[in-house]
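These are my notebook entries on a structure that I looked up. I set down the basis of the values before the entries themselves.

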Amino acid sequence: MAFKFPFFGRKDKKEKEKKDEKPVFAFEENLSPLSLANKAYSHIEKLSDLTDRFAASSKARMAAKNIAALFENYSEDVSFHEFDADPKVAFLWTKICPILLIISTVFLLVGLPYLTFLINAINSLIILYDSIFARGIFSRFIKKEKGENVRTTIRPEGNEENIVIISSHHDAALLYNRKDHLRDIYLPLATVIYIAVLSLFLILYEALNSTLFRFNFPSLFPFIFIAVAIALSIVSFKLFSVFSNEISPAVGDNLSSVGVSIALAEYFSKRRLKHTRVDFISFDAEECGCQGSSAYYKENKYSEETVVINLDGLYKSEDLAVLTSDLNGFVSLDESLSSDLVNIALDMGYKIKKGKLTLFAGATDASSAAKNGIRATTITAMAGCDTPAHTKDDTIDKIDIKTLEEVIAIVIKFIESKDKKKDERKIENDSLLDAKKYKISLLD
(Lines give C-alpha, C1' and ligand atoms only; values in the text may rest on other atoms or scores of the structure.)
Protein backbone atom coordinates (compact mmCIF):
# COMPACT_ATOMS: atom_id res chain seq x y z
CA MET A 1 0.00 0.00 0.00
CA ALA A 2 1.36 3.41 -0.91
CA PHE A 3 1.97 5.89 1.90
CA LYS A 4 -0.03 9.13 1.84
CA PHE A 5 0.41 12.50 3.50
CA PRO A 6 -3.08 13.36 4.66
CA PHE A 7 -2.17 16.76 6.07
CA PHE A 8 -1.04 18.02 2.71
CA GLY A 9 -3.82 16.35 0.75
CA ARG A 10 -1.40 14.45 -1.44
CA LYS A 11 -2.93 11.60 -3.43
CA ASP A 12 -1.62 8.65 -5.22
CA LYS A 13 -0.92 9.52 -8.88
CA LYS A 14 -2.73 6.47 -10.27
CA GLU A 15 -5.77 7.14 -8.09
CA LYS A 16 -5.88 10.76 -9.28
CA GLU A 17 -5.68 9.71 -12.95
CA LYS A 18 -8.45 7.17 -12.40
CA LYS A 19 -10.69 9.84 -10.86
CA ASP A 20 -10.08 12.35 -13.65
CA GLU A 21 -10.65 9.76 -16.33
CA LYS A 22 -13.96 10.28 -18.13
CA PRO A 23 -16.23 7.24 -18.11
CA VAL A 24 -16.51 5.30 -21.34
CA PHE A 25 -19.91 3.65 -21.56
CA ALA A 26 -20.07 0.26 -23.17
CA PHE A 27 -23.30 -0.60 -24.97
CA GLU A 28 -24.31 -4.09 -25.96
CA GLU A 29 -23.92 -4.36 -29.71
CA ASN A 30 -27.12 -6.37 -30.05
CA LEU A 31 -29.10 -3.62 -28.27
CA SER A 32 -27.94 -0.66 -30.32
CA PRO A 33 -30.71 1.17 -32.22
CA LEU A 34 -29.38 -0.11 -35.56
CA SER A 35 -29.24 -3.70 -34.31
CA LEU A 36 -32.75 -3.38 -32.87
CA ALA A 37 -33.97 -1.89 -36.16
CA ASN A 38 -32.62 -4.91 -38.04
CA LYS A 39 -34.37 -7.21 -35.57
CA ALA A 40 -37.58 -5.22 -35.99
CA TYR A 41 -37.29 -5.61 -39.77
CA SER A 42 -36.87 -9.37 -39.30
CA HIS A 43 -39.99 -9.51 -37.09
CA ILE A 44 -41.95 -7.54 -39.70
CA GLU A 45 -40.83 -9.93 -42.42
CA LYS A 46 -42.01 -12.98 -40.42
CA LEU A 47 -45.33 -11.44 -39.44
CA SER A 48 -46.05 -10.32 -43.01
CA ASP A 49 -46.27 -13.96 -44.13
CA LEU A 50 -49.79 -13.95 -42.65
CA THR A 51 -51.91 -11.99 -45.13
CA ASP A 52 -55.59 -10.94 -45.30
CA ARG A 53 -55.60 -9.70 -41.70
CA PHE A 54 -58.88 -7.82 -42.00
CA ALA A 55 -60.25 -6.42 -38.75
CA ALA A 56 -61.65 -8.98 -36.30
CA SER A 57 -61.08 -11.86 -38.73
CA SER A 58 -59.55 -15.26 -37.98
CA LYS A 59 -56.35 -14.09 -39.70
CA ALA A 60 -56.19 -10.98 -37.49
CA ARG A 61 -56.62 -13.14 -34.38
CA MET A 62 -53.87 -15.45 -35.65
CA ALA A 63 -51.63 -12.39 -36.10
CA ALA A 64 -52.28 -11.47 -32.44
CA LYS A 65 -51.16 -14.96 -31.40
CA ASN A 66 -48.01 -14.69 -33.53
CA ILE A 67 -47.17 -11.35 -31.93
CA ALA A 68 -47.80 -12.79 -28.47
CA ALA A 69 -45.35 -15.61 -29.21
CA LEU A 70 -42.65 -13.06 -30.04
CA PHE A 71 -43.45 -10.97 -26.94
CA GLU A 72 -43.10 -14.11 -24.77
CA ASN A 73 -39.39 -14.17 -25.56
CA TYR A 74 -38.99 -11.03 -23.44
CA SER A 75 -41.78 -11.14 -20.87
CA GLU A 76 -43.95 -13.73 -19.15
CA ASP A 77 -46.66 -11.11 -18.66
CA VAL A 78 -48.46 -11.50 -22.01
CA SER A 79 -52.24 -11.34 -22.26
CA PHE A 80 -55.08 -11.07 -24.77
CA HIS A 81 -58.04 -8.72 -24.72
CA GLU A 82 -61.16 -9.78 -26.60
CA PHE A 83 -63.83 -7.37 -27.78
CA ASP A 84 -66.84 -7.24 -30.10
CA ALA A 85 -66.18 -5.44 -33.38
CA ASP A 86 -68.22 -4.24 -36.31
CA PRO A 87 -65.85 -4.58 -39.29
CA LYS A 88 -68.12 -2.41 -41.48
CA VAL A 89 -67.64 0.77 -39.47
CA ALA A 90 -66.15 3.54 -41.65
CA PHE A 91 -67.09 1.64 -44.84
CA LEU A 92 -70.88 1.23 -44.76
CA TRP A 93 -71.57 4.90 -45.48
CA THR A 94 -69.94 4.58 -48.92
CA LYS A 95 -72.72 2.13 -49.89
CA ILE A 96 -75.59 4.12 -48.37
CA CYS A 97 -74.68 7.69 -49.33
CA PRO A 98 -74.94 7.31 -53.17
CA ILE A 99 -78.34 5.59 -52.90
CA LEU A 100 -79.75 8.31 -50.63
CA LEU A 101 -78.45 11.00 -52.99
CA ILE A 102 -80.38 9.48 -55.90
CA ILE A 103 -83.56 9.17 -53.79
CA SER A 104 -83.28 12.78 -52.62
CA THR A 105 -83.08 14.08 -56.20
CA VAL A 106 -86.19 12.04 -57.17
CA PHE A 107 -88.18 13.91 -54.50
CA LEU A 108 -86.88 17.19 -55.92
CA LEU A 109 -88.23 16.23 -59.33
CA VAL A 110 -91.75 15.49 -58.02
CA GLY A 111 -91.96 18.68 -55.98
CA LEU A 112 -91.40 17.32 -52.46
CA PRO A 113 -88.26 19.22 -51.34
CA TYR A 114 -89.03 18.81 -47.61
CA LEU A 115 -88.58 15.04 -48.03
CA THR A 116 -85.34 15.72 -49.87
CA PHE A 117 -84.16 17.84 -46.94
CA LEU A 118 -85.09 15.08 -44.46
CA ILE A 119 -83.27 12.36 -46.42
CA ASN A 120 -80.28 14.65 -46.86
CA ALA A 121 -80.16 15.24 -43.11
CA ILE A 122 -80.17 11.47 -42.50
CA ASN A 123 -77.40 11.08 -45.08
CA SER A 124 -75.32 13.74 -43.32
CA LEU A 125 -75.71 12.00 -39.95
CA ILE A 126 -74.61 8.68 -41.43
CA ILE A 127 -71.53 10.32 -42.96
CA LEU A 128 -70.75 12.16 -39.72
CA TYR A 129 -71.06 9.15 -37.40
CA ASP A 130 -69.83 6.39 -39.67
CA SER A 131 -66.97 8.10 -41.48
CA ILE A 132 -65.81 11.15 -39.55
CA PHE A 133 -66.43 9.98 -35.96
CA ALA A 134 -66.16 6.26 -36.89
CA ARG A 135 -68.88 5.29 -34.40
CA GLY A 136 -71.07 3.15 -36.66
CA ILE A 137 -74.61 4.46 -36.59
CA PHE A 138 -76.00 0.99 -37.53
CA SER A 139 -73.53 -1.06 -35.45
CA ARG A 140 -76.15 -2.16 -32.94
CA PHE A 141 -78.04 -3.94 -35.72
CA ILE A 142 -75.01 -5.60 -37.32
CA LYS A 143 -73.58 -8.96 -36.32
CA LYS A 144 -70.35 -8.53 -34.38
CA GLU A 145 -67.07 -10.34 -34.85
CA LYS A 146 -64.47 -11.14 -32.19
CA GLY A 147 -61.43 -8.88 -32.25
CA GLU A 148 -58.30 -9.57 -30.23
CA ASN A 149 -55.71 -7.18 -28.81
CA VAL A 150 -52.43 -8.46 -27.38
CA ARG A 151 -50.39 -6.85 -24.58
CA THR A 152 -47.13 -7.48 -22.80
CA THR A 153 -45.77 -5.64 -19.78
CA ILE A 154 -42.17 -4.94 -18.76
CA ARG A 155 -42.15 -3.99 -15.08
CA PRO A 156 -39.50 -1.81 -13.38
CA GLU A 157 -36.92 -2.99 -10.85
CA GLY A 158 -38.18 -0.62 -8.16
CA ASN A 159 -41.44 1.09 -7.28
CA GLU A 160 -43.71 1.79 -10.23
CA GLU A 161 -44.05 5.57 -10.63
CA ASN A 162 -44.69 5.98 -14.37
CA ILE A 163 -46.37 4.02 -17.13
CA VAL A 164 -45.54 4.36 -20.82
CA ILE A 165 -47.73 2.57 -23.35
CA ILE A 166 -46.24 1.80 -26.76
CA SER A 167 -49.12 0.90 -29.07
CA SER A 168 -49.51 -0.26 -32.65
CA HIS A 169 -52.04 -2.31 -34.64
CA HIS A 170 -51.90 -5.54 -36.62
CA ASP A 171 -55.14 -5.53 -38.65
CA ALA A 172 -55.17 -4.64 -42.36
CA ALA A 173 -57.32 -2.24 -44.38
CA LEU A 174 -59.41 -2.78 -47.49
CA LEU A 175 -57.77 -1.61 -50.70
CA TYR A 176 -58.95 1.49 -52.53
CA ASN A 177 -60.18 0.69 -56.04
CA ARG A 178 -58.78 3.91 -57.49
CA LYS A 179 -55.76 6.05 -56.83
CA ASP A 180 -57.86 9.23 -56.87
CA HIS A 181 -60.22 7.93 -54.17
CA LEU A 182 -60.25 11.27 -52.33
CA ARG A 183 -62.01 12.85 -55.30
CA ASP A 184 -64.61 10.07 -55.11
CA ILE A 185 -65.16 11.04 -51.47
CA TYR A 186 -65.20 14.82 -51.71
CA LEU A 187 -67.63 15.00 -54.66
CA PRO A 188 -70.51 13.24 -52.81
CA LEU A 189 -69.92 15.50 -49.81
CA ALA A 190 -70.15 18.57 -52.02
CA THR A 191 -73.31 17.09 -53.55
CA VAL A 192 -74.89 16.64 -50.12
CA ILE A 193 -74.22 20.30 -49.32
CA TYR A 194 -75.52 21.44 -52.72
CA ILE A 195 -78.76 19.43 -52.38
CA ALA A 196 -79.27 20.72 -48.82
CA VAL A 197 -79.08 24.33 -49.97
CA LEU A 198 -81.24 23.64 -53.05
CA SER A 199 -83.94 21.84 -51.02
CA LEU A 200 -84.17 24.76 -48.57
CA PHE A 201 -84.57 27.18 -51.48
CA LEU A 202 -87.29 25.01 -53.08
CA ILE A 203 -89.12 24.63 -49.74
CA LEU A 204 -89.34 28.42 -49.52
CA TYR A 205 -90.25 28.73 -53.21
CA GLU A 206 -93.07 26.15 -53.00
CA ALA A 207 -94.36 27.54 -49.71
CA LEU A 208 -94.82 30.93 -51.36
CA ASN A 209 -96.67 29.25 -54.25
CA SER A 210 -98.79 27.06 -51.94
CA THR A 211 -97.52 23.83 -53.57
CA LEU A 212 -95.23 22.58 -50.78
CA PHE A 213 -97.22 19.43 -49.90
CA ARG A 214 -98.42 18.58 -53.40
CA PHE A 215 -96.83 16.61 -56.19
CA ASN A 216 -95.72 19.02 -58.89
CA PHE A 217 -93.11 19.22 -61.59
CA PRO A 218 -90.66 22.12 -61.37
CA SER A 219 -90.68 25.02 -63.78
CA LEU A 220 -87.70 25.67 -66.03
CA PHE A 221 -85.71 27.87 -63.62
CA PRO A 222 -85.64 25.43 -60.63
CA PHE A 223 -85.31 22.47 -63.02
CA ILE A 224 -81.89 23.71 -64.16
CA PHE A 225 -80.57 23.49 -60.58
CA ILE A 226 -82.30 20.13 -60.01
CA ALA A 227 -80.68 18.79 -63.21
CA VAL A 228 -77.28 19.76 -61.79
CA ALA A 229 -78.14 17.88 -58.58
CA ILE A 230 -79.12 14.79 -60.59
CA ALA A 231 -75.88 14.90 -62.57
CA LEU A 232 -73.78 15.26 -59.40
CA SER A 233 -75.67 12.37 -57.74
CA ILE A 234 -75.03 10.09 -60.72
CA VAL A 235 -71.31 10.90 -60.75
CA SER A 236 -71.20 10.49 -56.93
CA PHE A 237 -72.23 6.87 -57.39
CA LYS A 238 -68.52 6.13 -57.84
CA LEU A 239 -68.36 6.32 -54.05
CA PHE A 240 -70.22 2.99 -53.97
CA SER A 241 -67.12 1.23 -55.27
CA VAL A 242 -64.39 3.30 -53.65
CA PHE A 243 -63.27 0.30 -51.56
CA SER A 244 -62.27 -3.05 -52.99
CA ASN A 245 -63.05 -6.43 -51.43
CA GLU A 246 -59.31 -7.14 -51.45
CA ILE A 247 -57.18 -6.54 -48.38
CA SER A 248 -53.92 -4.62 -48.23
CA PRO A 249 -50.69 -6.48 -47.34
CA ALA A 250 -50.51 -3.82 -44.58
CA VAL A 251 -46.80 -4.23 -43.89
CA GLY A 252 -46.00 -0.56 -43.41
CA ASP A 253 -49.48 0.12 -42.03
CA ASN A 254 -48.91 -1.27 -39.53
CA LEU A 255 -46.64 -4.29 -39.04
CA SER A 256 -43.75 -1.82 -39.19
CA SER A 257 -44.81 -0.48 -35.79
CA VAL A 258 -45.46 -3.95 -34.37
CA GLY A 259 -41.91 -4.96 -35.29
CA VAL A 260 -40.52 -1.85 -33.56
CA SER A 261 -42.61 -2.63 -30.45
CA ILE A 262 -41.19 -6.15 -30.25
CA ALA A 263 -37.63 -4.80 -30.61
CA LEU A 264 -38.29 -2.25 -27.86
CA ALA A 265 -39.70 -4.99 -25.64
CA GLU A 266 -36.39 -6.83 -26.02
CA TYR A 267 -34.42 -3.69 -25.14
CA PHE A 268 -36.36 -2.89 -21.96
CA SER A 269 -36.42 -6.53 -20.87
CA LYS A 270 -32.61 -6.50 -20.89
CA ARG A 271 -32.11 -2.94 -19.67
CA ARG A 272 -34.80 -2.89 -17.00
CA LEU A 273 -36.01 0.54 -15.92
CA LYS A 274 -36.00 1.67 -12.29
CA HIS A 275 -39.43 3.21 -11.84
CA THR A 276 -41.22 3.02 -15.20
CA ARG A 277 -43.50 0.25 -16.40
CA VAL A 278 -43.78 -0.19 -20.16
CA ASP A 279 -46.86 -1.74 -21.75
CA PHE A 280 -46.63 -2.88 -25.37
CA ILE A 281 -50.04 -3.30 -27.03
CA SER A 282 -50.95 -4.35 -30.55
CA PHE A 283 -54.57 -3.51 -31.34
CA ASP A 284 -57.03 -5.15 -33.68
CA ALA A 285 -59.74 -3.30 -35.68
CA GLU A 286 -57.83 0.00 -35.93
CA GLU A 287 -58.76 0.24 -39.60
CA CYS A 288 -62.49 0.26 -38.83
CA GLY A 289 -62.82 3.04 -36.32
CA CYS A 290 -60.08 2.16 -33.79
CA GLN A 291 -62.53 -0.24 -32.13
CA GLY A 292 -59.84 -2.38 -30.49
CA SER A 293 -58.14 0.51 -28.71
CA SER A 294 -61.48 2.11 -27.84
CA ALA A 295 -62.68 -1.07 -26.11
CA TYR A 296 -59.32 -1.53 -24.37
CA TYR A 297 -59.06 1.95 -22.87
CA LYS A 298 -62.67 1.84 -21.69
CA GLU A 299 -62.02 -1.39 -19.78
CA ASN A 300 -58.47 -0.68 -18.55
CA LYS A 301 -57.94 2.36 -16.37
CA TYR A 302 -54.52 3.97 -16.11
CA SER A 303 -53.02 6.48 -13.67
CA GLU A 304 -52.50 10.17 -14.39
CA GLU A 305 -48.78 9.50 -14.85
CA THR A 306 -49.46 7.38 -17.95
CA VAL A 307 -48.46 8.48 -21.45
CA VAL A 308 -49.18 6.75 -24.76
CA ILE A 309 -46.83 6.74 -27.72
CA ASN A 310 -48.70 5.21 -30.62
CA LEU A 311 -46.71 4.10 -33.68
CA ASP A 312 -48.33 4.02 -37.11
CA GLY A 313 -47.06 3.77 -40.68
CA LEU A 314 -43.26 3.87 -40.32
CA TYR A 315 -42.20 4.27 -43.94
CA LYS A 316 -39.65 6.98 -44.87
CA SER A 317 -37.53 8.83 -42.32
CA GLU A 318 -37.94 12.14 -44.20
CA ASP A 319 -41.68 11.95 -43.47
CA LEU A 320 -41.24 11.43 -39.73
CA ALA A 321 -43.83 13.40 -37.73
CA VAL A 322 -45.49 13.56 -34.33
CA LEU A 323 -49.24 14.20 -34.35
CA THR A 324 -51.01 16.88 -32.33
CA SER A 325 -54.54 16.11 -33.55
CA ASP A 326 -56.36 12.93 -34.48
CA LEU A 327 -59.69 11.46 -35.65
CA ASN A 328 -60.06 13.67 -38.73
CA GLY A 329 -58.91 16.66 -36.68
CA PHE A 330 -61.66 16.38 -34.03
CA VAL A 331 -59.50 15.00 -31.18
CA SER A 332 -56.55 16.94 -29.75
CA LEU A 333 -53.49 14.97 -28.74
CA ASP A 334 -51.08 16.01 -25.99
CA GLU A 335 -49.10 19.04 -27.17
CA SER A 336 -46.50 18.79 -24.40
CA LEU A 337 -45.80 15.11 -25.08
CA SER A 338 -45.56 15.78 -28.82
CA SER A 339 -43.09 18.64 -28.20
CA ASP A 340 -40.93 16.47 -25.92
CA LEU A 341 -40.61 13.80 -28.60
CA VAL A 342 -39.90 16.35 -31.32
CA ASN A 343 -37.22 18.06 -29.20
CA ILE A 344 -35.56 14.73 -28.43
CA ALA A 345 -35.52 13.85 -32.13
CA LEU A 346 -34.12 17.25 -33.12
CA ASP A 347 -31.39 16.97 -30.45
CA MET A 348 -30.45 13.65 -32.02
CA GLY A 349 -30.12 15.31 -35.39
CA TYR A 350 -33.23 13.81 -36.95
CA LYS A 351 -35.59 15.64 -39.27
CA ILE A 352 -39.05 15.61 -37.74
CA LYS A 353 -42.12 17.80 -37.65
CA LYS A 354 -45.47 18.13 -35.95
CA GLY A 355 -48.53 17.16 -37.93
CA LYS A 356 -52.32 17.11 -37.74
CA LEU A 357 -54.84 14.67 -39.14
CA THR A 358 -57.31 16.65 -41.22
CA LEU A 359 -60.80 15.79 -42.43
CA PHE A 360 -60.91 12.30 -44.04
CA ALA A 361 -57.29 11.68 -43.08
CA GLY A 362 -58.60 9.02 -40.71
CA ALA A 363 -57.60 8.23 -37.14
CA THR A 364 -54.97 6.44 -35.08
CA ASP A 365 -55.24 4.49 -31.82
CA ALA A 366 -53.89 7.53 -29.94
CA SER A 367 -57.34 9.10 -30.35
CA SER A 368 -58.90 6.36 -28.19
CA ALA A 369 -56.42 7.03 -25.38
CA ALA A 370 -56.95 10.80 -25.62
CA LYS A 371 -60.73 10.42 -25.46
CA ASN A 372 -60.27 8.47 -22.22
CA GLY A 373 -58.19 11.22 -20.62
CA ILE A 374 -54.72 9.73 -21.21
CA ARG A 375 -51.88 11.86 -22.53
CA ALA A 376 -51.19 10.48 -25.99
CA THR A 377 -49.62 11.13 -29.35
CA THR A 378 -48.65 9.22 -32.50
CA ILE A 379 -45.30 8.94 -34.22
CA THR A 380 -45.78 8.30 -37.93
CA ALA A 381 -43.94 8.51 -41.24
CA MET A 382 -46.78 8.66 -43.75
CA ALA A 383 -46.86 11.50 -46.27
CA GLY A 384 -50.42 12.26 -47.32
CA CYS A 385 -51.71 10.64 -50.49
CA ASP A 386 -48.26 9.42 -51.56
CA THR A 387 -48.18 6.74 -48.90
CA PRO A 388 -48.39 3.02 -49.87
CA ALA A 389 -50.89 2.54 -47.03
CA HIS A 390 -54.21 0.95 -48.04
CA THR A 391 -52.76 -0.14 -51.39
CA LYS A 392 -51.44 -3.44 -52.75
CA ASP A 393 -47.96 -1.85 -52.73
CA ASP A 394 -47.79 -1.74 -48.93
CA THR A 395 -45.02 -4.31 -48.85
CA ILE A 396 -41.83 -4.66 -46.82
CA ASP A 397 -39.63 -3.02 -49.44
CA LYS A 398 -41.40 0.29 -48.70
CA ILE A 399 -39.98 0.35 -45.16
CA ASP A 400 -36.70 2.15 -44.56
CA ILE A 401 -34.62 0.56 -41.79
CA LYS A 402 -33.32 4.03 -40.94
CA THR A 403 -36.88 5.04 -40.03
CA LEU A 404 -37.15 2.08 -37.66
CA GLU A 405 -33.80 2.97 -36.12
CA GLU A 406 -34.71 6.61 -35.57
CA VAL A 407 -38.06 5.78 -33.98
CA ILE A 408 -36.44 3.19 -31.70
CA ALA A 409 -33.78 5.68 -30.62
CA ILE A 410 -36.33 8.46 -29.95
CA VAL A 411 -38.60 6.21 -27.89
CA ILE A 412 -35.72 4.76 -25.85
CA LYS A 413 -34.34 8.20 -25.10
CA PHE A 414 -37.76 9.51 -24.07
CA ILE A 415 -38.55 6.57 -21.77
CA GLU A 416 -35.09 6.49 -20.18
CA SER A 417 -35.31 10.23 -19.51
CA LYS A 418 -38.77 9.82 -18.00
CA ASP A 419 -37.49 7.05 -15.76
CA LYS A 420 -34.98 9.33 -14.03
CA LYS A 421 -36.01 10.71 -10.69
CA LYS A 422 -36.59 14.47 -10.57
CA ASP A 423 -33.36 15.08 -8.67
CA GLU A 424 -31.40 12.99 -11.18
CA ARG A 425 -32.67 14.52 -14.42
CA LYS A 426 -29.84 17.07 -14.59
CA ILE A 427 -27.19 14.38 -14.22
CA GLU A 428 -25.94 12.59 -17.32
CA ASN A 429 -26.83 8.91 -17.40
CA ASP A 430 -25.02 6.03 -19.05
CA SER A 431 -27.25 5.79 -22.12
CA LEU A 432 -25.56 5.57 -25.47
CA LEU A 433 -28.54 7.52 -26.80
CA ASP A 434 -27.24 10.87 -25.48
CA ALA A 435 -27.03 12.42 -28.92
CA LYS A 436 -24.71 15.22 -27.81
CA LYS A 437 -21.99 12.68 -27.03
CA TYR A 438 -22.61 9.63 -29.10
CA LYS A 439 -23.23 8.69 -32.67
CA ILE A 440 -26.33 6.52 -33.08
CA SER A 441 -25.14 4.32 -35.94
CA LEU A 442 -23.16 4.13 -39.13
CA LEU A 443 -26.27 5.23 -41.02
CA ASP A 444 -25.99 8.77 -39.64
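The entries below concern one serine and the aromatic pairs.

**Basis.** I worked from a predicted model, in which local features need pLDDT of at least 70 and side-chain atom pairs count only at pLDDT 80 or more, while totals for chains, interfaces and linings use all residues. Residues are numbered from 1 along each chain as its sequence is written, and side-chain values use heavy atoms, with hydrogens and water left out.

**Ser 282.** I located Ser 282 in strand β6, residues 276-283 (strands are DSSP runs of E, at least two residues, numbered from the N terminus). Ser 282 counts as buried, at 1% relative accessibility (buried is under 20% relative accessible area, exposed over 50%, partly exposed in between, with a 1.4 Å probe and protein chains only). I noted that its side chain makes a polar contact of 2.7 Å with the side chain of His 170 (N or O atoms within 3.5 Å, one able to donate a hydrogen and the other to accept it; residues adjacent in sequence count only if both atoms are side-chain atoms).

**Aromatic pairs.** I found 15 aromatic pairs in the whole structure (ring centres within 6.5 Å; planes under 30 degrees apart are stacked, over 60 edge-to-face, the rest tilted). Phe 91 and Phe 243 form an edge-to-face pair, because their centres lie 5.0 Å apart and their planes stand at 85°. The two residues are 152 residues apart, Phe 243 being in strand β5. Both are buried. Phe 133 and Phe 330 are also edge-to-face, with centres 5.2 Å apart and planes at 80°. I recorded Phe 133 as partly exposed at 23% and Phe 330 as partly exposed at 48%.

Note on methods
Helix = DSSP H or I, 4+ residues; strand = E, 2+ residues; numbered from the N terminus. Phe/Tyr/Trp six-rings, centres within 6.5 Å; stacked < 30°, edge-to-face > 60°.
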